[in-house]
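Colleague: I am new to this structure and would like to learn how to read it feature by feature. Could you take me through a few places, starting with a single residue?

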Amino acid sequence: MIEIVKLVINGKEHILPVIEGSEGEKAIDIRGLRQETGYITFDPGFGNTGTCRSAITYMDGEKGILRYRGFPIEQLAEHSTFVETAFLLITGELPTRKELTRTSVYLNDFSPLHENMKAFYQNYPPKAHPMGILSAMVNAMRSFYPELIDLEEEMNTTYLRLISKIRTMAAMAYRISQGERVVYPRSDLCYCANFLNMMFDNVVVPYKIDSDLVRALNVFWILHADHEQNCSTTAVRVVGSGKVNIYSTISAGISALWGPLHGGANQAVVNMLEKIYSDGFTVKECLSKAKDKNDPFRLYGFGHRVYKTYDPRAKIMKKICDIALSKMKRKDPLLEIAKRLEDAALNDSYFKEKNLYPNVDFYSGILLRAMGIPVNMFTVMFAIGRLPGWISQWKEDVADPEMRISRPRQIYSGSQKRDYIPIKDRGQSVKQ
Ligand code: CMC
């Protein structure tokens with residue numbers, strides 16, 4: 001049966017078609033609404049608005065389901081690697097052995113950075129945030145590596161260059177901010193091991209690659225690789241809809257990710273846990289601050305626009321934290337505090353009523369700390385992981401015949417028409 005929706009405005013009936021997704025999700029198609037009725041819909045934050053059809057990621061926020069291209073996140077986290085997952089997201093299918101080898105070879109070949117790009121780093125102030133540097137560097141790639149709009153190739157050179165170089169640029173930003181020499185990528189190392197080596201290798205104490213940490217980093221990046229139409233991905237689709245180049249589009253995604261309500265939450269969680277650990281701030285105080293409507297403080301790492309149950313990524317992240325810390329025979333007091341805080345929040349009526357559960361960022365900072373990643377690099381780590389998702393969403397968008405330039409409407413609430421007053425007649429302004 002074809003479903004339709006009837007909308008009655010001032011007694012006049014309007015028929016709106018219904019679109020159904022492959023998992024049964026339904027949308028009312030309002031594309032003709034304004035033209036037919038003169039009305040628009042009002043939905044700040046797009047909580048009820050579908051902006052595209054997408055075959056990349058499926059989420060069910062009530063059941064806590066997340067799948068990339070149909071594959072459950074739990075299976076990918078257990079069996080896949082970040083490079084394989086990136087290939088899956090961008091091309092739609094898991095690679096054959098030959099395709100995976102070819103991708104890995106290209107990722108190694110493309111990893112060095114243009115010498116002139118390195119000079120940019122020297123001019124940043126020492127405390128510059130690496131997210132700002134990364135966003136600017138990715139934008140600058142457009143000038144150094146003109147993009148190849150070769151949509152024939154599922155995994156083309158531009159995508160591979162981006163995925164490869166973002167890792168080099170991130171590690172380089174960190175080394176330079178520390179006043180340390182730059183470590184170049186090594187062709188004998190895989191994607192994740194190479195990153196850790198570029199971050200931590202030292203002339204005096206050479207970095208020892210630990211396979212458990214490499215595995216943990218693979219899982220961390222797999223969990224972040226895509227999350228359908230979130231804030232930064234929407235930024236990518238909106239900016240990309242103006243047909244801007246892919247580097248500037250991704251750079252916009254990185255900027256959108258930076259905020260503490262989105263990718264910056266992992267940094268905000270660790271700052272919050274450290275405050276509890278060292279400043280005598282108690283779990284109880286933390287919860288009452290988060291519940292106080294007059295206080296801008298939130299319980300970072302909790303709540304989600306889509307998940308109204310435990311974020312499936314947070315479950316995996318918590319497990320990986322426990323495994324990584326116990327394998328390294330390390331105890332992190334912040335992990336114990338996080339568990340106490342989680343327990344208290346899950347038993348608190350405010351959080352229960354509003355369905356606020358831990359999200360991916362609640363435990364991710366603890367895992368990154370265990371790897372030795374400094375706090376101001378946390379959101380950069382998220383950005384590296386999210387890159388294959390941004391690329392696949394951009395690629396889907398530019399190939400979609402239904403897509404138009406993003407241009408929402410508004411309800412104007414300012415002054416009605418009034419006449420210009422010459423300055424000599426204006427008197428004293430009320431706003432001093
Ligand atoms: N602490 C306290 N109260 C909260 C929180 C929180 N973390 N999250 C939501 N609420 C309250 C909120 O005040 C609102 O209350 P009321 O209905 O009384 O006005 C209610 O719950 C619904 O929240 P909302 O702000 O309307 O939800 P949203 O969908 O607009 O925002 C969110 C989602 C993730 C921005 C929000 O939950 C939040 O700020 N969380 C903390 C930041 C965070 O952890 N962000 C990472 C998200 S996951 C990673 C990613 O993909 O970015």
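This is a predicted model: local features need pLDDT of at least 70, side-chain atom pairs count only at pLDDT 80 or more; totals for chains, interfaces and linings use all residues.

Colleague: Where does F110 lie, and which residues is F110 in contact with, leaving aside its neighbours within four places in sequence?

Modeller: F110 belongs to the loop between helix 4 and helix 5 (115-122). Once neighbours within four places in sequence are left aside, its contacts are T157, L160, R161, S164 and K165.

Colleague: How should I read helix 4 itself, and which of its residues are buried?

Modeller: One can look at the span of a helix and then at its sides. Helix 4 runs over residues 97-109, and its 13 residues reach 18 Å from the first C-alpha to the last, close to the 18 Å expected at 1.5 Å a residue. Its buried residues include T103, L107 and N108. These three cover an arc of only 135° around the axis, which means that they sit on the same side of helix 4. On the other side, K98 and D109 are exposed.

Colleague: What covers the buried residues of helix 4?

Modeller: The cover includes helix 3 (82-91), helix 7 (157-177) and helix 8 (191-200).

Colleague: Turning to the ligand, how many residues surround it, and which are the closest?

Modeller: The ligand is surrounded by 20 residues, of which H262, R298, G301, R305 and K354 are the closest. In the side chain of N359, an N or O atom is 3.0 Å from an oxygen atom of the ligand. On its own the ligand has 930 Å² of accessible area, and the protein covers 76% of that.

Colleague: Is H262 buried or exposed, and what does H262 touch?

Modeller: H262, placed in the loop between helix 11 (246-257) and helix 12 (265-278), is buried, with a relative accessible area of 14%. Not counting residues up to four places away in sequence, H262 touches N230, C231, S232, A256, L257, D361 and R386. With S232, the side chain of H262 makes a polar contact of 2.9 Å.

Terms used
Residues are numbered from 1 along each chain as its sequence is written. Side-chain values use heavy atoms; hydrogens and water are left out. Helices (H or I, at least four residues) and strands (E, at least two) are DSSP runs, numbered from the N terminus. The expected span of a helix is 1.5 Å times one less than its number of residues. Buried means under 20% relative accessible area, exposed over 50%, partly exposed in between (1.4 Å probe, protein chains only). The arc is that of the directions from the helix axis to the C-beta atoms. Contact means heavy atoms within 4.5 Å. A residue is near a molecule or strand if one of its heavy atoms lies within 4 Å of it. A polar contact is a pair of N or O atoms within 3.5 Å; within protein, one must be able to donate a hydrogen and the other to accept it, and residues adjacent in sequence count only if both atoms are side-chain atoms. Accessible areas come from the Shrake-Rupley method with a 1.4 Å probe; for residues, only the protein chains shown count as cover.
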